[in-house]
Amino acid sequence: MDGREMTSPDARAELAAAIEAALRATPGVRNVYRSGSLISHLLRAGATALGVRQGDEPIVSVVGTGDGVAVEASLGVDSGGRSADILRAAHAVIDALLSERGLRRESITLTVAHVQTREVS
């Protein structure tokens, strides 16, 4: 299956939600953040305030390409783990989810946006 099946907003939103849930369950991942620059976040917030854009859009970006699916996410990771290992595990989780759904991976872009210390109990 290729990315053409991901043309409907509902299909992309459902896949994005599934990927977000899988990422949050990945050991070492503490949070998932919306990807993009500060300017893109400000533009998105302005568009939402004006009613031009919905505010409930998925955090994880999923784009269907002609050949596959491109996924982008920003993560908060635990300071107790190695970021590279956590990113590898998160990449594998997304890859497995796409494969399970019969979707071909075009690209997976993961960024560590924040390293979080463990909370003292």
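Which residues of the largest nonpolar core touch the most other members?

**View 1. The largest nonpolar core of the predicted model.** L15, I19, L23, V60 and I94 touch the most other members of this 22-residue core. A nonpolar core is a set of buried Ala, Val, Leu, Ile, Met, Phe, Trp, Tyr and Cys residues joined through side-chain atoms within 4.5 Å. Buried means under 20% relative accessible area, exposed over 50%, and partly exposed in between, using a 1.4 Å probe and protein chains only. At least two core residues come from each of α1 (9-24), β1 (29-33), β3 (69-78), α3 (83-100) and β4 (105-116). Helices (H or I, at least four residues) and strands (E, at least two) are DSSP runs, numbered from the N terminus. In soluble globular proteins, nonpolar side chains tend to be buried together.

This is a predicted model: local features need pLDDT of at least 70, side-chain atom pairs count only at pLDDT 80 or more, and totals for chains, interfaces and linings use all residues. Residues are numbered from 1 along each chain as its sequence is written, and side-chain values use heavy atoms, with hydrogens and water left out.

**View 2. I94 and its neighbours.** I94 touches I19, L23, V71, I108 and L110, not counting residues up to four places away in sequence. Contact means heavy atoms within 4.5 Å. One of these neighbours, V71, has I108 as its bridge partner in β4.

**View 3. Strand β3 and its partners.** β3 is largely enclosed by the rest of the structure, because nine of its 10 residues are buried. β1 pairs with β3 in the antiparallel sense, over four bridges. Here N31 stands opposite G76 of β3. Strand β2 (residues 61-64) also pairs with β3 in the antiparallel sense, over four bridges. S61 faces E72 of β3 in that pairing. Four residues form the hairpin that joins β2 to β3. β3 and β4 run parallel and are joined by 10 bridges. Two strands pair if DSSP finds at least two bridges between them.

**View 4. S74 within β3.** S74 lies in strand β3. Its relative accessible area is 8%, so S74 counts as buried. S74 touches N31, V32, Y33, R34, S35, T111 and A113, leaving out residues up to four places away in sequence.

View 5. α3 has 18 residues and reaches 25 Å from its first C-alpha to its last, close to the 26 Å expected at 1.5 Å a residue. The expected span is 1.5 Å times one less than the number of residues. I86, A90, I94, L97 and L98 of α3 are buried. These residues lie on the same side of α3 because they cover an arc of only 110 degrees around the axis. The arc is that of the directions from the helix axis to the C-beta atoms. On the other side, R88, S99 and E100 are exposed. The buried residues of α3 pack against α1, β1, β3 and β4. Just after α3, G102 takes a positive phi of about 75 degrees.

**View 6. The β-α-β unit in its setting.** β3, α3 and β4 make a right-handed β-α-β unit. A crossover is right-handed if, with the strands pointing away from the viewer, the path from the first strand over the helix to the second runs clockwise. The protein has three helices and four strands, in the order α-β-α-β-β-α-β along the sequence.
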